[in-house]
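Dear colleague,

I am handing over the structure below, and after it you will find notes on what was found. Please read them alongside the model.

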Amino acid sequence: MSRKVTRSSVPGASKITKRLAGANYYDCYAISVPNDGRSALGYFLTAISNTPTWVNSLMTLRNKTVRLFGLKDLGGMGNFDSKKPDTDYLPGDRVGIFTLISNTPGEVLLGDSDKHLDVVLSIYKSTAAGVGDCSIVVTTVVHTHNLLGKLYMLPVTPLHKIIAPAVLTRVIA
């Protein structure tokens, strides 16, 4: 069965709604998938462990390029301990390219901060998608700090609109 990613509204009950004020960029995508009992973080871990090769190649290019400007090398999407249960992750732990901010079965917030911007990602699990299904909703919120952040987002914005849905399809891999 083909599962399609669609643009979505930010879930009203999501903790990320508090971070929307003043955002320089945000987007939201959803996919309906079988509800197999995984937590929001469990779905995210599945997605990033199956990140498309071309996305990892873009991350490698990003890391090499931003080092020239004194920004952080974030590593790869799949840089995490695949044997570690999702319930063992604590705030402050690295999960791929992000740091865990909060983790509940229904929503996980991850983020990263650097001198040019702050980014926060929400993976929200809603069981209202239908019988036996759930909706996984990914919202990304970016607050830029300076001109470098605004310039950084020029190529990132259109790429993110391709990358986020491509990675989200991997929650059922």
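**Strands E4 and E5**

Strands E4 and E5 pair in the antiparallel sense over five bridges, where pairing requires that DSSP finds at least two bridges between two strands, and where helices (H or I, at least four residues) and strands (E, at least two) are DSSP runs numbered from the N terminus. This is a predicted model, in which local features need pLDDT of at least 70 and side-chain atom pairs count only at pLDDT 80 or more, while totals for chains, interfaces and linings use all residues. Residues are numbered from 1 along each chain as its sequence is written, and side-chain values use heavy atoms, with hydrogens and water left out.

A hairpin joins E4 to E5 through two residues, and across the pair Leu-100 stands opposite Leu-110 in E5. Strand E5 (residues 107–113) is mostly covered, since six of its seven residues are buried; buried means under 20% relative accessible area, exposed over 50%, and partly exposed in between, with a 1.4 Å probe and protein chains only. In strand E4 (residues 98–104) lies Ser-102, which is buried with a relative accessible area of 17%. Setting aside residues up to four places away in sequence, Ser-102 touches Lys-15, Glu-107, Val-108 and Leu-109, a contact being heavy atoms within 4.5 Å.

**The segment before E1**

Arg-3 is placed in the segment before strand E1 (6–7). Apart from its neighbours within four places in sequence, Arg-3 is in contact with Ile-31, Ser-32, Val-33, Pro-34, Asp-133 and Ile-172. The C-alpha atoms of Arg-3 and Thr-157, which are 154 residues apart along the chain, are separated by 24 Å.

The largest pocket holds about 1000 Å³ of space. A pocket is an open set of points on a 1 Å grid over the protein atoms alone, where a 1.4 Å probe fits, with protein on both sides within 12 Å along at least five of seven lines, and lining residues have an atom within 4 Å of a point; the volume is the space filled by probe spheres set on the points, which are joined across faces, edges and corners. Of the 40 residues lining the largest pocket, Met-59, Arg-62, Tyr-152, Val-156 and His-160 are the closest to its centre. H3 gives the most to this lining, with 12 residues.

Helix H1 (40–49) is among the elements giving two or more residues to the lining. Nine of the 10 residues of H1 are buried, so this helix is largely enclosed by the rest of the structure.

With best wishes
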